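Me: I have just opened this one and would like to go through it step by step. Could you help me find my way around?

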Amino acid sequence: MMLRRKFIQNSSILAGGLLLPSELLATDSFLGYEPKAVENRIKIGVIGCGDRGKGLIHIAKQLPDEFELVAIADVLDFRIKETLQQPGAVGVKTYADYRALLDDPQITAVFISTPLNMHFPIASAALKAGKHVYLEKTMTYDIPEAFALVELVKKHPKQTLQVGHQYRYAPIYYKVKEMIDNGYLGKVTQIESRWDRNNNWRRPIADPSFERKVNWRMYKEYSGGLMAELLSHQMDFINWAFHTHPKEIMATGGIDTYKDGRETYDNVQVMFRYDDMIGNFGTTLGNERDGYLFKLKGTKGTISLLVNDAIFYPEKSLKKELETVDGVTGATKIVWDKNGGIPIKTDLPAKDGTYYSLKDFHKSILEKKQPDSNVITGATTAFCVHLANKALYGQQIERWEPKYNLV
């Protein structure tokens with residue numbers, strides 16, 4: 001009965017009306033902050049023009065009052081040519097060497113979307129060159145680099161470094177976090193997370209000499225594999241939503257489908273043991289039935305999360321109470337789906353989380369504040385990814401150490 005009253009009193013949490021942090025607002029004006037088309041527009045350079053780099057350019061084009069693309073850099077000439085054909089990139093300066101781009105005085109900030117092994121050296125050079133940095137996930141290639149980047153950011157307090165864990169900015173994920181904080185799930189003890197595909201994850205190449213530069217995700221020299229490229233998103237959300245980190249990490253996997261010379265596994269499963277909670281994270285490239293699957297299971301209910309949608313399934317013992325809404329209260333009626341779940345709504349458009357994350361990046365630079373996804377949260381998730389890979393390839397249990405608890 002108490003839970004039912006709480007739903008009635010706060011029914012807007014399921015029917016819209018979530019009070020999101022100001023940086024997520026879709027409008028151009030909030031809390032006295034109003035971008036002015038010229039003086040607040042930040043000139044950016046994009047380093048790394050693969051799929052993700054071009055994707056960032058596409059989203060930045062949707063924010064013309066916030067960003068102006070002036071330069072791009074990539075070691076592959078054909079990536080430069082592809083990018084120049086993209087709307088929003090016509091006529092920009094081009095560089096084969098990112099260091100030349102960083103020397104460009106008109107550039108205020110850079111987006112870094114390169115292979116993982118280059119995240120740290122480029123981010124370090126960008127900070128030293130006086131640039132603000134939007135750094136794609138996972139933050140660094142290994143644990144020592146994560147520690148080093150944390151220390152470097154401390155030495156550059158006037159610059160913003162944001163990490164591209166964009167689900168921290170997706171409106172539906174903010175709403176789910178609020179539900180967790182308000183006890184709607186009760187005690188959560190189980191997390192199920194998958195991101196499955198049925199393809200070989202391989203990019204086509206015109207020249208065999210480009211194999212490792214284009215398909216870098218498949219080689220340990222450059223990549224953290226599926227842990228870093230896919231599962232890091234869900235790992236980061238759990239860290240954020242539950243204010244936690246794993247205590248123990250166990251993993252297994254293999255190259256089970258594509259015997260094509262790759263080094264990173266195409267089939268992985270990792271289990272995180274948190275305080276009073278188990279997180280299961282897995283992905284395969286050999287089956288796409290589940291696709292993106294994310295379930296948070298608590299004593300009062302389950303939330304099933306997709307990229308832009310979420311459904312709350314109360315436990316049977318509570319469902320009857322929730323199906324009756326007291327009309328005297330004037331509460332918004334709870335809408336149920338055919339499977340006995342309550343679709344979770346938000347007031348904001350279901351845009352790519354990157355859209356909202358780039359708005360926060362812009363706001364963080366102008367207001368000289370730390371973004372929600374910052375070097376500390378980025379390092380914490382990087383520790384999770386790298387410990388998971390150590391457990392996976394080393395076939396051993398990895399344990400969280402006190403030194404990973406950053407402030």
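Me: Let's start with the strands: how many bridges join strand S9 to S10, and do they run parallel or antiparallel?
Reply: Please keep in mind that this is a predicted model. Strand S9, which covers residues 267–274, is joined to S10 by eight bridges, and the two strands run antiparallel. Within that pairing, Met271 has Asn280 in S10 as its bridge partner.

Me: Which sheet do those two sit in, and what is the strand order?
Reply: They belong to an open sheet of nine strands with mixed pairing, and the order is S14-S13-S12-S11-S7-S10-S9-S8-S15. Strand S14 (342–343) and strand S15 (398–399) stand at the edges with a single partner strand each, so one side of each has no neighbour in the sheet.

Me: And which helices pack on that sheet?
Reply: Helix H8 (residues 171–181) is one of them, touching strand S11 (292–298), strand S12 (301–305) and strand S13 (310–314), with its direction at about 165° to that of S12. H13 also packs on the sheet, where it touches strand S8 (248–254), S9 and S15, and its direction makes about 55° with that of S8.

Me: Staying with S10 for a moment, is Thr283 buried or exposed?
Reply: Thr283, which is placed in strand S10 (residues 277–284), counts as buried because its relative accessibility is 0%.

Me: What does Thr283 touch, leaving out residues up to four places away in sequence?
Reply: Its contacts include Arg194, Trp195, Asp196, Leu226 and Asp266. The side chain of Thr283 also reaches the backbone oxygen of Trp195 at 2.2 Å. Thr283 and Arg194 are 89 residues apart in sequence, yet their C-alpha atoms are 5.4 Å apart in space.

Me: What does Arg194 form a salt bridge with?
Reply: Arg194 forms one with Asp196, and the closest N and O atoms of the pair are 2.8 Å apart. Arg194 and Asp196 are both buried.

Me: How many salt bridges are there in the whole structure?
Reply: A search of the whole structure finds 27 salt bridges. Another of them joins the side chains of Arg52 and Glu136, at 2.8 Å from N to O. That pair links distant parts of the chain, since Arg52 is in helix H3 (residues 51–61) and Glu136 is in strand S5 (residues 132–136), 84 residues apart.

Me: Which residues are linked in a network of salt bridges?
Reply: Arg202, Glu211, Asp260 and Arg262 are linked in such a network. Within it, the side chains of Arg202 and Glu211 meet at 2.8 Å, N to O. Arg202 counts as partly exposed at 25% relative accessibility, while Glu211 counts as buried at 16%.

Me: Going back to S5, which sheet has S5 and S6 in its order?
Reply: They are in an open sheet of six strands, ordered S3-S2-S1-S4-S5-S6, with parallel pairing. Its edge strands are strand S3 (93–95) and strand S6 (161–164), each pairing on one side only. Neighbouring strands of this sheet are turned by 25° against each other on average, direction ignored. S5 and S6 pair over four bridges, and Leu135 has Val163 in S6 as its bridge partner.

Me: Which helix lies across S5 and S6?
Reply: Helix H6 (residues 119–128) lies across both of them as well as strand S1 (42–47) and strand S4 (109–112), running at about 170° to S5.

Me: Where does Lys137 lie, then?
Reply: Lys137 lies in the loop between S5 and helix H7 (143–154), and it counts as buried at 12% relative accessibility. A polar atom of its side chain lies 2.9 Å from the backbone oxygen of Glu229.

Me: Last topic: which residues touch the most other members of the largest nonpolar core?
Reply: Among the 91 residues of that core, Leu149, Tyr173, Met227, Met235, Phe237 and Ile238 touch the most other members. Helix H13 (residues 375–394) gives the most to this core, with eleven residues. A second, separate core of 25 residues includes Ile42, Ile57, Tyr169 and Leu358.

Technical notes. Residues numbered from 1 in each chain as written. Predicted model: local features only at pLDDT ≥ 70, side-chain atom pairs only at ≥ 80, totals over all residues. Heavy atoms only, no water. Salt bridge = Lys/Arg side-chain N within 4 Å of Asp/Glu carboxyl O. Buried < 20%, exposed > 50% of the residue type's maximum accessible area, 1.4 Å probe, protein only. Core = buried A, V, L, I, M, F, W, Y, C linked by side-chain atoms within 4.5 Å. Contact = heavy atoms within 4.5 Å. Polar contact = N/O pair within 3.5 Å; in protein donor to acceptor, adjacent residues only side chain to side chain. Pairing = 2+ DSSP bridges. Axes fitted to C-alpha atoms, helices over the stretch in contact; angles between N-to-C directions.
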